[in-house]
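Here is a short briefing on a structure with several chains. Keep the 3D view open as you read.

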Amino acid sequence: MARPAHPQAMQPVKPGRTRTAPPTMPPQFPMTGRYRAYTLFDATGFLYLFVGFVALRVVWALGTGSAAWASIQQQLANPLYIGFHVITLAAVCFVAVRFFGLFPKAQPPRIGPAKPPPGPVIVGMLYAAWIGITVLMSAALMGGIS
Amino acid sequence: MEIEVLRHDIVIVGGGGAGLRAAIAVAEADPSVSIGMVSKVYPMRSHTVSAEGGAAAVARDDDDFEMHGYDTVKGSDFLGDQDVIQYFVQEAPKELALLEHWGCPWSRNEDGTVATRAFGGMSTKRTWFATDKVGFHMLHALFQHSMRFDQIVRYDEQFVTKLLVDGNTIRGVAALDIREGVMRLVLGRAVVLATGGGGKAFPFTTNGNIKTGDGMALAYRAGVALKDMEFVQYHPTGLPGTGILITEAARGEGGYLRNADGERFLVERDYGVGTKAELGPRDMISRAIIQEIEAGRAVTQGDWGEHVYLDLTHLGEEKIQSRIPMVRELSKLYVGVDPVHDPIPIRPVVHYMMGGIDTDIEGGTSIDGLYAAGECASVSLNGANRLGSNSLTECLVFGARSGRKALEFARGASEGDESSLRSEGANEAGRVDALRAKTSGTEKISGLRRALNDTMESGCGVYREEASIQASVDTVQEIKRRFEDVEIQDHSKVFNTELISVLELSNMIDISEALTSCAVVRKESRGAHTRRDFPNRDDQNFLHHSLCHFDSTGPKVSTKPVTLGKWEPEERKY
Amino acid sequence: MSDPPKKTFVITRFDPDVDEVPKTQSYEIAVDPDWKVLDAVNYIKDEVDGTLSHRWSCRMAVCGSCGMMVNGEPRLTCKDSVSQYGDTVEITPLSNFPVIRDLVVDMDGFMDKFKKVKPWIIRAKELAAEDGPVRQSPEELEEFKQFSMCINCMLCYSACPVVSNEPEFLGPAAIALGHRYNVDSRDEGASERNAIFRGEGTVFSCSFANECSEVCPKNVDPAAAVNQAKFNAVIDWATGLVLPSGEKE
């Protein structure tokens with residue numbers, strides 16, 4: 001049967017007057033049904049962790065000198081690194097699409113007297129910002145790497 | 001093993017609209033008083049939750065207490081007590097205002113004032129509403145407001161099996177813990193019963209599973225009379241098959257009733273509702289629908305048996321979505337019809353019991369310290385027929401009044417002799433334990449329930465006559481005998497719902513006994529009690545309330561005068 | 001006319017006085033195509049096995065009693081057509097809750113969390129009946145109305161992965177209810193509730209799985225409420241830093 005949940009999940013403050021069977025996890029958790037998308041969404045955290053390490057490594061090389069910089073550029077051309085970055089790009093797109101979809105409903109009905117714009121407008125603004133910043137940053141980086 | 005005793009100043013049985021209102025009334029009047037609220041379900045499951053249309057109170061400038069009072073008296077076919085009705089209409093706006101303060105999300109007019117809608121038998125718009133989920137919103141507002149008071153101690157999922165009466169004074173109740181299977185005594189200086197009606201005695205009802213007349217049966221067995229039990233309201237528009245309620249508000253917003261020929265029979269033919277048409281009183285409309293069915297003009301397509309149509313197609317999607325969205329939801333979910341495009345199949349369905357525990361205007365019964373309010377009581381506000389949207393307000397007005405009166409009584413009351421109560425409680429525990437352990441028995445619970453349902457439908461339906469009512473009187477007695485042989489499969493202690501079903505069935509049998517006994521004696525037609533053999537109202541001989549007392553040799557029927565007032569009985573035409 | 005179709009219902013059974021752990025029991029019955037899952041369970045109890053315990057009442061999706069897991073998903077069984085399922089239907093008690101008996105779970109943990117958010121109108125000065133109803137515009141009503149539709153069926157608690165793992169978490173319905181009062185124009189207790197939202201069982205435990213809203217039978221959208229509550233709780237905290245507490249409304 002289903003896996004156990006935390007043994008104290010939904011336990012009342014006053015102990016129950018009869019013996020209960022322990023709470024169980026929802027059976028489809030973690031990788032069936034809608035939970036799969038959620039679990040992957042949260043799991044992308046691991047990718048960002050590695051991206052962080054890679055970024056630190058690159059920055060350190062940049063700070064060390066041009067020989068280290070040339071070396072790191074060569075390493076980054078390795079198909080494994082490229083593969084990793086492709087997966088990370090896919091993950092970022094997945095997270096963005098899911099999060100942008102959910103974001104409008106997280107806006108309170110009013111902030112003081114101001115009402116937030118309608119859902120589709122918010123989503124449009126988020127995509128515009130995302131794509132806009134990506135284009136700008138790419139242009140800057142590509143321009144900077146002649 | 002010593003029976004556990006829980007002590008409070010006031011004990012309230014039932015956690016619905018009336019019970020919660022009584023508890024809040026006591027808690028707000030005196031914070032030092034301890035209140036034990038005993039309910040067989042968690043309060044938000046109480047059947048108040050399913051009420052849809054609205055709650056009535058004078059709100060507009062074109063309305064006054066006189067009009068609301070007269071509408072109610074006339075709606076009751078002049079059997080409602082006029083002092084009760086006068087008090088009710090005056091208190092109603094205050095109660096609904098309090099609900100508003102406690103968070104109830106009343107629907108609003110553009111200017112922010114509370115909106116009102118038209119309702120059956122009401123001469124002007126005075127039904128306050130919360131889209132079409134008024135009972136849900138009222139119950140949740142009451143329950144959530146009641147959580148502020150730590151002195152209201154809840155005993156959830158405890159089934160009261162007996163009232164503890166010492167001489168003629170109430171001492172408390174014996175309650176079976178549904179989860180643990182043990183009996184406890186909950187003692188108080190006053191007890192308020194607010195347990196609702198008993199529609200589940202009938203096969204086709206809007207009522208939920210829990211409406212089995214428990215409090216009525218408890219009072220009846222303790223010697224308190226049940227009043228006007230023969231008056232059972234058939235709500236005109238229930239979904240065929242399930243019996244799920246389609247609110248009167250659908251007609252209030254402009255819906256039409258049509259027969260198989262597409263005609264608005266309430267307008268085309270004379271059913272006594274005059275220009276009110278679909279907004280006539282419920283008893284008249286239910287009779288009209290049954291007559292249409294008997295005349296062969298019922299719709300018979302589909303699996304739904306004979307029915308007529310509730311046509312909302314001319315209202316438009318926007319109106320339906322904003323004013324009666326739940327009607328649309330229920331119709332799509334349970335009969336697969338979208339009322340925006342197609343008419344809804346409906347037929348009359350048992351909905352409410354005008355009768356109940358005989359109380360005075362303050363909720364007091366013939367047992368000192370025992371009070372009753374809400375559908376389980378007959379004050380009598382509703383007489384022979386209730387107007388829609390009066391009952392939710394009734395729960396508040398008389399729930400509050402009973403609570404306050406119970407508090408007043410409790411202040412002067414003394415504690416009973418606990419040792420005799422303990423032994424009574426132990427005996428009751430023994431009785432229930434023996435029932436649970438019973439291995440002999442050949443009568444299935446569902447079989448007895450069906451037999452009861454069938455006889456109540458055939459004898460005490462919309463149209464009644466001597467032979468069939470008498471047959472149901474006899475059959476109920478036979479079922480009572482057969483009940484001694486009921487079969488219980490579940491002998492467990494923990495959360496034994498079959499045992500609860502058996503106890504509920506015995507309550508339904510007892511109230512059916514009172515119902516049928518009163519029906520056979522009332523040889524006239526008044527309000528919801530319509531007899532083919534006595535088709536007219538007979539004020540000469542029957543302008544009185546029926547009373548039914550429990551007796552081991554058989555139910556004893558008697559009468560009680562109606563409190564008349566400024567409105568003399570007249571012909572009831574709309 | 002052909003025989004009505006048969007389905008097998010595999011139902012969790014548990015009597016703490018007899019069973020060490022829950023087990024399952026199978027019931028094969030003829031099924032009416034118009035039935036909801038609750039009708040099938042009631043039929044089994046009434047005609048086949050009287051020892052099966054479950055909760056139900058209104059059968060019209062408003063009392064919230066009949067929540068169960070059907071084929072692994074939390075469903076309101078009075079709303080759930082049985083014909084959408086195949087030949088075998090698994091019915092188990094709501095996940096994430098301790099189980100009292102068969103399909104009956106312990107609700108008191110939920111009732112505790114419910115009360116914690118102070119789900120009532122908080123006013124500095126109480127009003128009397130004679131003051132009459134307070135005015136509220138239809139627009140103001142719309143702002144919180146959706147969140148007031150919760151029938152306390154607890155399906156959202158069953159679906160929430162945070163509830164599974166963090167016993168203190170207030171949970172979707174309780175937070176949605178607290179948020180409903182915060183947004184109600186008649187209430188003055190938002191600061192109190194926002195402090196509760198930042199405290200033990202914090203709203204920030206929510207990781208926006210959105211499962212609560214997916215399973216909600218009344219379209220309350222608790223995920224929206226919880227995440228709006230996060231935003232409001234932060235604003236409330238920030239304004240609390242800037243304004244001395246005596247000046248808070």
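What percentage of the 146 residues in chain A do buried residues make up? Buried residues make up 9% of them. Keep in mind that this is a predicted model.

**Chain A**
- Chain A has four helices and zero strands.
- Read from the N terminus, its elements run α-α-α-α.
- The radius of gyration of chain A is 23 Å, whereas the globule rule gives 15 Å for 146 residues, so chain A is more spread out than a compact globule.
- Along its principal axes, the C-alpha trace of chain A spans about 75 × 45 × 25 Å.
- Take the contacts in chain A with a separation of 6 or more: 27% of them are between residues 24 or more positions apart.

**Where chain C touches chain B**
- On this interface, 41 residues of chain C are in contact with 47 residues of chain B.
- Helix 1 (37-48), strand 6 (99-101) and helix 3 (138-145) of chain C each supply at least two residues to the side that touches chain B.
- Helix 3 of chain C gives the largest share of that side, three residues.
- By class, the side of chain C that touches chain B has 18 nonpolar, 11 polar and 12 charged residues.

**Two helices in chain C**
- Two packed helices are described by the angle between their axes and the distance between the axes.
- Helix 6 (residues 172-183) and helix 9 (residues 222-242) of chain C have axes that come within 8 Å and cross at roughly 60°.
- That angle makes helix 6 of chain C oblique to helix 9 of chain C.
- The crossing of helix 6 past helix 9 in chain C is left-handed.
- From helix 6 of chain C, the residues making the contact include C:Pro172, C:Ile175 and C:His179.
- From helix 9 of chain C, they include C:Pro222, C:Val226 and C:Asn232.
- This contact between helix 6 and helix 9 of chain C has eight nonpolar, four polar and no charged residues.

**One residue: C:Arg13**
- C:Arg13 sits in strand 1 (residues 6-13) of chain C.
- Beyond its neighbours within four places in sequence, C:Arg13 is in contact with C:Pro22, C:Lys23, C:Thr24, C:Gln25 and C:Asp102.
- The C-alpha atoms of C:Arg13 and C:Ile91 are separated by 10.0 Å, and these residues are 78 residues apart along the chain.

Methods
Residues are numbered from 1 along each chain as its sequence is written. Chains are lettered from A and ligands numbered from 1 in the order in which they are written. This is a predicted model: local features need pLDDT of at least 70, side-chain atom pairs count only at pLDDT 80 or more; totals for chains, interfaces and linings use all residues. Two residues are in contact if their C-beta atoms, placed from the backbone, lie within 7 Å. The radius of gyration is taken over C-alpha atoms; the globule rule is 2.2 Å times the number of residues to the power 0.38. A residue is buried if 20 or more other C-beta atoms lie within 10 Å of its own, exposed if 12 or fewer, and partly exposed in between; C-beta atoms are placed from the backbone. Ala, Val, Leu, Ile, Met, Phe, Trp, Tyr, Cys and Pro count as nonpolar, Asp, Glu, Lys and Arg as charged, and the others, Gly among them, as polar. Axes are lines fitted to C-alpha atoms, for helices over the stretch in contact, and angles run from 0 to 180 degrees between N-to-C directions. Angles under 35 degrees count as roughly parallel, over 145 as roughly antiparallel, 65 to 115 as roughly perpendicular and the rest as oblique. A crossing is left-handed if the near helix is turned anticlockwise from the far one by less than a right angle, and right-handed if clockwise.
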